[in-house]
Amino acid sequence: MRYYIHLLIFVLIVCTTSCQTDIELCEQPVHPHLTKVTMNYDFSSYPYSHPDTMLILAERVINVKKYEMQEDVKSGLGSFLLGAPDLFADSLDQAHPDSLSSFQMSSGTYKLLTFSKNDKIFDYSNLDSIGNVEHSRWNFNSLGLNYRAYPATSDSVKKILGTWKDYNAYTDYVLTTPEMMAYDTLEIVKFHEGNNQLTFHPSPVTQHVMLSFDIRKVAASNAGALSFRIDSVKVDLAGVPAAYQLYTGWMDTHKTYKIASVMQMDGTDDFGTGDIHCSTAFDVTGIISGSQADIPSGPGILQVILYTTVRKDGQESLHRVQGKINLYHTLRDSGLLEYSDDESKVRQLAKSGTLAIATPLEIDGENILKVGSDDWGIDYWVPEGSEVIVEL
């Protein structure tokens with residue numbers, strides 16, 4: 001009798017433990033502790049063309065499990081990249097594992113992060129390395145996305161800026177493209193046994209920042225019969241944080257890059273006088289200021305390169321004229337970023353905004369004029385020299 005009692009106890013223990021949440025040994029076609037999760041995407045408030053494919057990182061908070069999936073936004077079909085359950089291939093309703101309408105995951109409470117990829121702009125090696133480590137959390141709170149950096153000598157940067165002298169050459173450049181990176185995060189989502197529906201509402205990782213200023217053409221005191229035309233305007237703006245923490249949104253301020261652009265000029269300039277309005281837009285994770293308003297280099301410095309055609313004494317010549325401005329006050333007053341108490345980190349306060357430089361850039365054709373003073377709250381232009389490119 002004692003033998004049968006012991007045998008009965010053993011059978012009960014086996015039956016009780018064989019279907020624990022983290023031990024998937026049941027013989028049933030669909031594990032009783034697995035749940036079906038359908039991932040949906042709502043891009044109705046997304047301001048750009050939405051990406052075709054989204055990645056999904058999921059982490060169960062208790063009895064840690066991590067998953068990585070990808071989903072085609074249009075069809076709603078996806079596949080596991082990491083963490084597919086062991087019984088997945090035997091599930092009758094999952095006969096095509098590369099075309100899933102829902103994902104089988106362990107039930108429980110989750111954190112989730114979804115995002116698209118733009119390999120030209122960002123480096124995803126950090127995410128890949130964490131994914132390849134077994135029995136580890138995603139560690140969302142420090143999951144950083146790094147910009148790809150391009151030196152000034154790269155074709156991508158030279159295509160924009162051409163040949164010029166860099167007076168703020170402390171770092172490399174980042175690029176921007178029309179294909180924005182989308183993402184969304186969800187915290188503490190409960191997946192119950194059975195069928196679960198989940199909807200993401202992605203937004204751009206980047207901010208859309210409109211930069212503008214006016215150029216004022218003035219006559220030089222010793223110009224004689226000088227007149228000039230502004231042919232093109234290019235800018236180099238410093239202060240793009242090198243990394244973006246996808247889950248928290250915080251960005252470290254200690255390492256930054258620059259971005260370059262060609263300005264759009266309102267109207268066609270001629271050899272007369274008057275103001276010219278210049279504008280351009282950047283899509284970046286953020287632009288930070290320097291620590292003070294009087295620093296001549298580092299983040300927050302905007303460099304400008306103007307190409308002019310000058311008529312003087314019956315002769316024409318092409319000039320490259322350069323200057324810069326510390327945008328400390330313009331950036332701090334923009335409402336685009338929130339700084340931590342020690343200013344070691346920033347995060348976005350808005351997804352779009354403007355950097356409208358109040359002080360006009362004054363130029364006499366051959367030189368930028370220093371305008372303004374050290375008055376508090378005013379950013380002002382500083383000339384950085386000019387040179388004749390060619391005599392016509």
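Let's start with contacts: among those in the chain with a separation of 6 or more, 71% come from residues 24 or more positions apart. Keep in mind that this is a predicted model.

Now for the chain as a whole. Its secondary structure comes to 4 helices and 26 strands. There are 392 residues, and 47% of them count as buried. The chain exposes about 19200 Å², with carbon and sulfur atoms supplying 51% of that area.

**A look at strand β1**

Take β1, which covers residues 34–41: this strand is mostly covered, with 6 of its 8 residues buried. Which strands does β1 pair with, and how many bridges join them? Here are the two pairings:

| Partner of β1 | Residues | Bridges | Direction | Example of bridge partners |
|---|---|---|---|---|
| β5 | 103–106 | 4 | antiparallel | lysine 36 and glutamine 104 |
| β10 | 195–200 | 6 | parallel | methionine 39 and leucine 198 |

**A look at threonine 171**

Next, find threonine 171 in the loop between α3 (155–161) and β9 (182–191). Is threonine 171 buried or exposed? Its relative accessibility is 15%, so threonine 171 counts as buried, because the cut-off for buried is under 20%.

What does threonine 171 touch, leaving aside its neighbours within four places in sequence? It is in contact with Thr256, Tyr257 and Lys258. With threonine 256 there is also a polar detail: the side chain of threonine 171 reaches the backbone oxygen of threonine 256 at 2.8 Å.

Terms used: Residues are numbered from 1 along each chain as its sequence is written. This is a predicted model: local features need pLDDT of at least 70, side-chain atom pairs count only at pLDDT 80 or more; totals for chains, interfaces and linings use all residues. Side-chain values use heavy atoms; hydrogens and water are left out. Buried means under 20% relative accessible area, exposed over 50%, partly exposed in between (1.4 Å probe, protein chains only). Helices (H or I, at least four residues) and strands (E, at least two) are DSSP runs, numbered from the N terminus. Two strands pair if DSSP finds at least two bridges between them. Contact means heavy atoms within 4.5 Å. Accessible areas come from the Shrake-Rupley method with a 1.4 Å probe; for residues, only the protein chains shown count as cover. A polar contact is a pair of N or O atoms within 3.5 Å; within protein, one must be able to donate a hydrogen and the other to accept it, and residues adjacent in sequence count only if both atoms are side-chain atoms.
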